Amino acid sequence: MYESTRGNLSGQSASQAIALGMVPKGGLFVPSTFPALKWQELQGLSYREVAKRVMADYLPDFPEDTLDKIVNVYSDGTFDGQNPAPLASVGNFGVLELWHGPTSAFKDMALQVLPDLLNVSLKHIGLDAEVLILVATSGDTGKAALEGFKNREGMHIAVFYPQGGVSPVQERQMTTTEGSNTHVIAVKGNFDQCQTAVKLMFASETLKARLWENKLVFSSANSINWGRLLPQIVYYFWAYLQAVEQQKVAPGGVINVVVPTGNFGNLLAAYYARRMGLPIAKIICASNKNNVLTNFFATGEYQSQRQFYQTISPSMDILISSNFERFLYEMNGRNADLISSWYDQKNQGSFKVDPQTLKNCQEIVFAGWADEDETLATISQSFKAYQYVFDPHTAVGMKVYEDYCASSHDSTFTVIASTASPFKFASNVLIALEKTQGKKSDEWQALRDLSQLTNWEIPQGLQGLDKKEAKIVDSCQPEKIEEMLQGLFVE
């Protein structure tokens with residue numbers, strides 16, 4: 001069963017938690033208990049079989065044959081090759097490549113599954129309405145969600161992204177998405193403003209009532225939805241199985257995990273895998289210049305009211321990390337009253353936790369950050385040293401990993417979660433590799449140049465993007481998002 005981090009709802013089934021997306025009166029759904037799972041039981045299984053096994057205990061109201069069909073996406077050709085998430089051996093560490101799906105970002109690992117999880121959930125609760133998926137994106141979630149939900153019967157999706165705050169490739173991916181049920185809106189603001197507006201719409205009883213009159217209900221494809229977060233736990237088990245198979249770690253030995261993060265969902269999934277019994281020692285939290293999480297792990301103070309920076313790792317340009325609430329719920333001993341007090345609107349996104357909660361956080365997580373110059377230098381140095389190409393987000397993770405090793409002298413085998421293909425950010429990767437200054441090259445020529453320079457193939461989903469017909473995108477101020485949504489969906 002599932003409960004709210006703020007103690008205002010409990011006893012919800014998996015179907016109810018997934019269908020709702022987030023707790024209506026504020027808070028996020030978390031499982032009441034974490035099932036234990038021995039990694040040894042997963043040895044020799046395919047990715048889809050591991051996914052079914054990891055997810056099954058969290059979805060007791062999903063029949064086995066139904067779950068079997070849902071996880072089939074990992075072996076039906078949707079992902080490149082036989083292995084959806086290969087662990088590449090780079091230097092003396094491993095890189096978990098999570099970008100072999102249709103949109104070349106780690107979000108595909110979950111968003112190719114979420115639509116089916118949601119569809120089954122809605123049937124289970126007997127909802128006589130169509131679903132409107134609201135998504136705020138800092139770059140990658142938008143396209144991955146659009147790709148997963150396009151042309152799904154009884155489902156509509158509206159994606160809001162910060163205008164000028166995503167890469168040209170990310171924007172083009174979103175605006176060229178097919179499907180009569182897909183809508184893309186550019187917001188004249190940053191990601192946090194998009195995300196805040198979406199959360200306010202979820203909480204608006206007036207808006208929900210108006211949508212209900214039109215036989216529509218809200219749900220979410222962001223990682224605030226448990227159905228989006230759950231599939232992400234799977235690939236940490238998969239990483240460990242590959243590390244053992246490749247003899248990088250002795251069976252039962254611990255690994256460290258590095259996660260470039262903004263909204264904290266990917267890191268939280270690693271923590272949940274650890275809670276289930278996976279031998280993860282340290283989780284390394286890597287931030288860019290928007291280093292609100294780094295500051296928290298140093299001081300215990302979460303301060304989102306601060307300067308926002310637009311960086312070359314745009315998917316991490318986030319100051320309000322939604323999933324961090326779930327993590328703090330575990331770190332403070334599941335004290336919902338404390339969570340409610342910290343996340344009270346009167347605090348305006350800033351709070352300080354008690355010393356014990358901070359100590360619990362620091363025992364599990366090491367946090368660091370990298371600036372723009374360090375990120376570009378890491379891309380260059382890593383290519384020279386390993387002939388391996390990092391995108392700017394994974395490069396942030398690599399730099400923070402190097403800092404961690406230098407300060408801790410920890411030689412534990414480490415897996416770096418690689419969150420996107422370097423081709424999604426080809427211009428900036430080329431700047432790093434070629435040391436070119438000034439004006440960037442044409443984004444589409446940059447894809448070809450990067451491929452020629454590195455001998456890496458351009459991912460299928462990024463080929464010919466510039467030739468595809470793009471939708472005309474509406475744009476609005478953050479405070480006008482609800483009004484625009486009503487214009488699209490309310491008669």
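Predicted model: local features only at pLDDT ≥ 70, side-chain atom pairs only at ≥ 80, totals over all residues.
1. Two strands count as paired when DSSP finds at least two bridges between them. In strand β15, Cys476 is the bridge partner of Val187. Strand β7 (residues 182–187) and β15 run parallel and are joined by three bridges.

2. That pair belongs to an open sheet of five strands with parallel pairing, in the order β8-β5-β6-β7-β15. The edges are held by β8 (216–220) and β15 (474–476); each has a single partner strand, so one side of each is left without a neighbour in the sheet. From one strand to the next the twist averages 30 degrees. Helix α9 (residues 205–213) packs on this sheet, where it touches β5 (130–136) and β8. The direction of α9 makes about 125 degrees with that of β8.

3. There is also an open sheet of six strands, ordered β3-β4-β14-β9-β10-β13, and its pairing is mixed. Its edge strands, β3 (87–90) and β13 (365–369), each pair on one side only. Neighbouring strands here are turned against each other by 25 degrees on average, direction ignored.

4. Glu97 stands opposite Ser418 of β14.

5. Which residues of helix α15 (residues 355–364) are buried? They are Thr357, Leu358, Cys361 and Ile364. These residues lie on the same side of α15, because they cover an arc of only 130 degrees around the axis. The elements they pack against are α11, β10, α12 (292–299), α13 (324–331), α14 (336–342) and β13.

6. The largest nonpolar core has 111 residues. Met55, Leu59, Ile233, Tyr236, Phe237, Phe297 and Phe327 have the most contacts inside it. Helix α10 (residues 226–245) gives the most to this core, contributing 14 residues.

7. Phe327 deserves a separate entry. Leaving aside neighbours within four places in sequence, Phe327 is in contact with Phe264, Leu268, Tyr271, Phe297, Cys361 and Val365. Of these, Cys361 is one of the buried residues of α15, and Phe297 is listed among the residues with the most contacts in the largest core.

8. Another core, of 39 residues, lies apart from the largest one. Its members include Val90, Ala286, Phe390 and Ala432.

Methods
Residues numbered from 1 in each chain as written. Heavy atoms only, no water. Helix = DSSP H or I, 4+ residues; strand = E, 2+ residues; numbered from the N terminus. Axes fitted to C-alpha atoms, helices over the stretch in contact; angles between N-to-C directions. Buried < 20%, exposed > 50% of the residue type's maximum accessible area, 1.4 Å probe, protein only. Arc of directions from axis to C-beta. Contact = heavy atoms within 4.5 Å. Core = buried A, V, L, I, M, F, W, Y, C linked by side-chain atoms within 4.5 Å.
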